[in-house]
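Hello,

I am passing this structure on to you.

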Amino acid sequence: MEFSQYDINALMYVTNRPELVFTEGQGMWLTDHQGKRYLDYLQGWAVNCLGHSPQCIQDALAVQAKKLINPSPAFYNEPSVALASLLTDNSCFDRVFFTNSGAEANEGAIKLARKWGKKNPNAKGENRFEVITFKHSFHGRTLATMSASGKPGWDTLYAPQVPGFPKADLNDLASVEKLLNEHTVAVMLEPVQGEGGVLPATREFMQGLRELTKRHDILLIVDEVQTGMGRTGELFAYQLSNVVPDIMTLGKGIGGGVPLAALLCREEIACFEAGDQGGTYNGNPLMTAVGVAIIEALLADGFMQAVRDRGAYLSTELKKLSAKHGLGTERGEGLLRALDLDSEIGPKIVDMARDMGPVGLLLNSPRPNLLRFMPALNVSTEEIDQMITMLSDILASIKG
Ligand SMILES: *Cc1c(COP(=O)(O)O)cnc(C)c1O
């Protein structure tokens with residue numbers, strides 16, 4: 001592919017990419033190197049919670065870059081303290097450790113749980129270290145978080161795995177109980193499995209898990225890398241089921257597009273000692289200044305209600321589309337939604353939507369019989385209508 005004097009094969013091959021180079025983004029829209037525009041329902045995989053290049057991120061970066069970029073994680077800096085305070089003031093958690101990716105936040109959550117399990121040993125005085133996770137879960141791409149993930153094939157891809165992550169079935173409390181043993185220290189789950197295909201944990205299951213983990217004195221860890229920061233219509237998805245978890249991780253939306261993630265816990269769990277955890281870029285002011293701008297936007301009057309309203313609207317429109325074309329069920333929370341297709345036409349729809357003209361549509365198919373929708377949280381109803389019309393045209397041409 002020709003797009004400049006540079007060679008795309010200078011990049012290491014890790015996945016198949018379309019022959020496109022995106023050069024600009026604004027709100028729900030992306031523009032490629034040939035000037036074609038695309039309505040973007042991926043938003044960097046639920047990352048750009050305020051759309052592409054929102055003014056508040058441009059301003060936060062420009063102001064902070066002039067002031068201070070990195071004093072080192074050995075010193076306090078203003079934006080990281082401000083963002084930690086905003087997160088603890090608006091959640092059930094008391095302490096925050098910032099990281100650069102969701103996987104790194106989850107890696108930290110696993111370390112924190114293991115440290116806590118060492119300080120709170122079993123009746124025989126042995127360390128507790130096993131973290132029960134779930135089939136089809138996704139927690140990241142480091143060795144430990146891949147081992148924690150329930151993605152088919154990942155158990156052998158970079159074998160041997162990091163031990164200590166038995167897998168239960170989502171929404172099946174008995175399957176969790178069966179895995180409990182004297183070495184169990186925590187249960188970790190996504191309140192809505194994102195990569196697994198937008199599969200929500202039920203309110204009853206979340207409450208049952210909280211009750212079970214409390215009764216056995218083990219930790220409840222919620223991986224809200226995808227569901228947090230307003231995505232599900234609440235600031236955090238654990239709030240949907242009124243449970244109080246012990247540890248939470250955030251990523252994706254917290255940075256609105258820049259690399260920022262976080263590990264949060266309640267005071268009684270915060271057991272790291274000096275030197276136990278760290279990282280060169282962790283909590284740097286350039287990224288955390290963006291985080292402050294993002295959470296202030298989410299906390300503004302009426303913002304979350306608008307997310308709930310648009311989530312309900314998208315759900316209604318997808319249900320109508322499904323009825324019209326004879327597709328399957330629609331599900332999700334807030335603006336993390338999925339539509340079951342009646343056959344494995346997902347990848348074909350994704351290709352056709354992207355390649356249609358004069359304007360393209362970017363969609364995601366995490367499983368071949370499923371489409372996932374992750375628009376910006378400030379998507380307009382017109383942008384929802386436009387997507388539905390484009391998708392309806394594609395379905396009509398595929399299904400004849
Ligand atoms: C994306 C994701 C991760 C990994 O985050 P990275 O920033 O890609 O490391 C972890 N957990 C969940 C639930 C995710 O959706």
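The model is predicted: local features need pLDDT of at least 70, side-chain atom pairs count only at pLDDT 80 or more, and totals for chains, interfaces and linings use all residues. Residues are numbered from 1 along each chain as its sequence is written, and side-chain values use heavy atoms, without hydrogens and water.

**Domains**

The domain assignment gives domain 1 (55-298) and domain 2 (302-363). Such bounds come from an automatic or database assignment. The C-alpha centres of the two domains lie 28 Å apart. Contact (heavy atoms within 4.5 Å) involves 17 residues of domain 1 and 12 residues of domain 2.

Together the domains bury about 1200 Å², 63% of it on carbon and sulfur atoms. Buried area is the accessible area (1.4 Å probe) that two parts lose on being put together, summed over both. In domain 1, Val198, Arg231 and Gly233 lose the most area to domain 2, together 39% of what that side buries.

Two salt bridges are counted between the domains. The term means a side-chain nitrogen of Lys or Arg within 4 Å of a carboxyl oxygen of Asp or Glu.

**Helix pair**

Helices are DSSP runs (H or I, at least four residues), numbered from the N terminus. The axes of α2 (residues 55-67) and α9 (residues 285-299) come within 9 Å and cross at roughly 145 degrees. Axes are lines fitted to C-alpha atoms over the stretch in contact, with angles from 0 to 180 degrees between N-to-C directions.

Best wishes

Conventions
Helix = DSSP H or I, 4+ residues; strand = E, 2+ residues; numbered from the N terminus.
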